[in-house]
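Me: Can you walk me through a few local features of this one? Keep it short.

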Amino acid sequence: MKTALILKSLVIALAVAFACASHADDITATGSGDWESTIPDAPWPNGIVPGTNDSVDIEDPFVVTVRSNAAAAYIYGSGTVVMAANALLNIDDPAGANGTFELANLDTSAPGNTVLYSNNPFWAKHQDYFNLVFSNTVTTNQIDFYNGTVNSEDPAAAITVSGDMTVVGKIKVQQGADFTVMGNLLLGTNSSWDCSSYNLTVMSNTTIAGLMLDLDGASGSNYFGGNVLVSSNAIGWNISDVVQWAIGGSLTNQGLIVGKGYGNITFTGSGAIAGKPIKIPTIGVSGTYLIATTITLTTNTPTLTGTLVFDLANTNQLVMQTYATNPMTLYYAGNLNVINSGPPPAPGSTYKFFSATNYNGAFDSTSYPRLASGLTWIDNLLTSGSIIVSGSAPQQILITSSQYNPATHQYTLTWTSTPDGTYSVQYSSNLVLDPFANNILASGIPSAGNLTTTTVTLPANNAGFLRVSSP
């Protein structure tokens, strides 16, 4: 998994940092070359490779290439650093005031490379990355990132992360321009991402083990194209200030999701809403989603233009919270698809999918599981948010005895019956390729009361299966 690889790289980078922590100098590149090179003046004077506490000055026209693992406190100058494929650069600026990346050019276009800011990410260079990691290993206070213009030398800019974005430690990320993560987004324990202003887009999966919130939702939108997991150790997901949250995959809540006001999550793709019960102002469903947990809405009726899927085997509900002074109405729209992964519904069974003070509107279409002969569905969605199984199931037919005469190829069968029933005896030589319905040995057999007996003749020289059906 990409995230696991990034965290492994993080461990390697920190090991490099400790190994290089014995000196703290300002090192100026004297030529172009590989960062790891010990050849004098190509690029470092006397071939001394910078360490994690060193500041590094690279001036034009020099180009320094990171091919494996490199570390520095901060980098500045008019020159260029190029990240090779799968390389790792660890920037460690514990002071947080020197300008971690005032370097003119940082090329991170090679696949698989990672830039790791292991302390104050406020000074991170504002540009595109392949993999990007923020890990605050020293500072215990949260740090704003991308708030406003950031600094005059390196103003906020739209950023695209081609791979994964990982935030671990006590970090607060606040964007000041559009932020697009093409891979996965991982918010580790104690970290937070404030999506205020502009647009946050995550094309793959998002894991929230810290805090996700938006304090200025009216100025941007936030879209998660893959699955979203709120883990059990998460601070939570706070949607109270934004109506522009959207998910294209599934949502699994193992922790805490909260919201107030008119906060909303719109589910635009397909998947399941699962895990612990969720209580938020409202939701929208424009895709196809299995309701696999109870969702309580506190402010507005849901906006339903897609398909809601409920399973009879696990009847979770969509609930409009009831207020004595302001009774809530749930308005139906879109499509309702009820499936059944459990035992067949029994006569008289009630399945409640919606709970509100009042119900209105109508689904464009409804689909319910097939019932046994004699049973029908009663739709009470507009009165109680439920459906009911009505009727009585037919008596199960049980063959109580059978006798075979090999001389005549005849079977005499006795089975349980009802006084007003009629029956047929069917034969199959192969349950898969030769269905019973194509081989009726006897039909229209009248009931003889509680038990009925008849004799049928099998096809010569054949072995197979017999069954009794009604009719």
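**Side chains, strands and rings**

Reply: The side chain of asparagine 264 comes within reach of the backbone nitrogen of glycine 284, at 3.4 Å. A polar contact here is a pair of N or O atoms within 3.5 Å; within protein, one must be able to donate a hydrogen and the other to accept it, and residues adjacent in sequence count only if both atoms are side-chain atoms.

Me: What are the ground rules for the model and the numbering?

Reply: This is a predicted model: local features need pLDDT of at least 70, side-chain atom pairs count only at pLDDT 80 or more, and totals for chains, interfaces and linings use all residues. Residues are numbered from 1 along each chain as its sequence is written, and side-chain values use heavy atoms, with hydrogens and water left out.

Me: Back to asparagine 264. Which side chain does it make a polar contact with?

Reply: That of threonine 266, at 2.9 Å.

Me: Where does asparagine 264 lie?

Reply: In strand E26, residues 264–267. Strands (E, at least two residues) are DSSP runs, numbered from the N terminus.

Me: Is asparagine 264 buried or exposed?

Reply: Asparagine 264 is buried, because its relative accessible area is 11%. The cut-offs: buried is under 20% relative accessible area, exposed over 50%, partly exposed in between (1.4 Å probe, protein chains only).

Me: New topic. Which side chains along strand E36 are buried?

Reply: Leu336 and Val338, which point to one face of E36 (residues 335–339).

Me: What does E36 pair with?

Reply: Strand E33 (residues 307–311) pairs with E36 in the parallel sense, over five bridges. Strand E40 (residues 365–367) also pairs with E36 in the parallel sense, over three bridges. Two strands pair if DSSP finds at least two bridges between them.

Me: Which residue in E36 is the bridge partner of aspartate 311?

Reply: Isoleucine 339. In E40, serine 367 is the bridge partner of asparagine 337.

Me: Now rings. How many aromatic pairs?

Reply: The count is 19. Rings of Phe, Tyr and Trp (its six-membered ring) pair if their centres lie within 6.5 Å; planes under 30 degrees apart count as stacked, over 60 as edge-to-face and the rest as tilted.

Me: Give me one.

Reply: Phenylalanine 179 and tryptophan 193 pair edge-to-face, 5.1 Å centre to centre with 80° between the planes.

How values were computed:
Helices (H or I, at least four residues) and strands (E, at least two) are DSSP runs, numbered from the N terminus.
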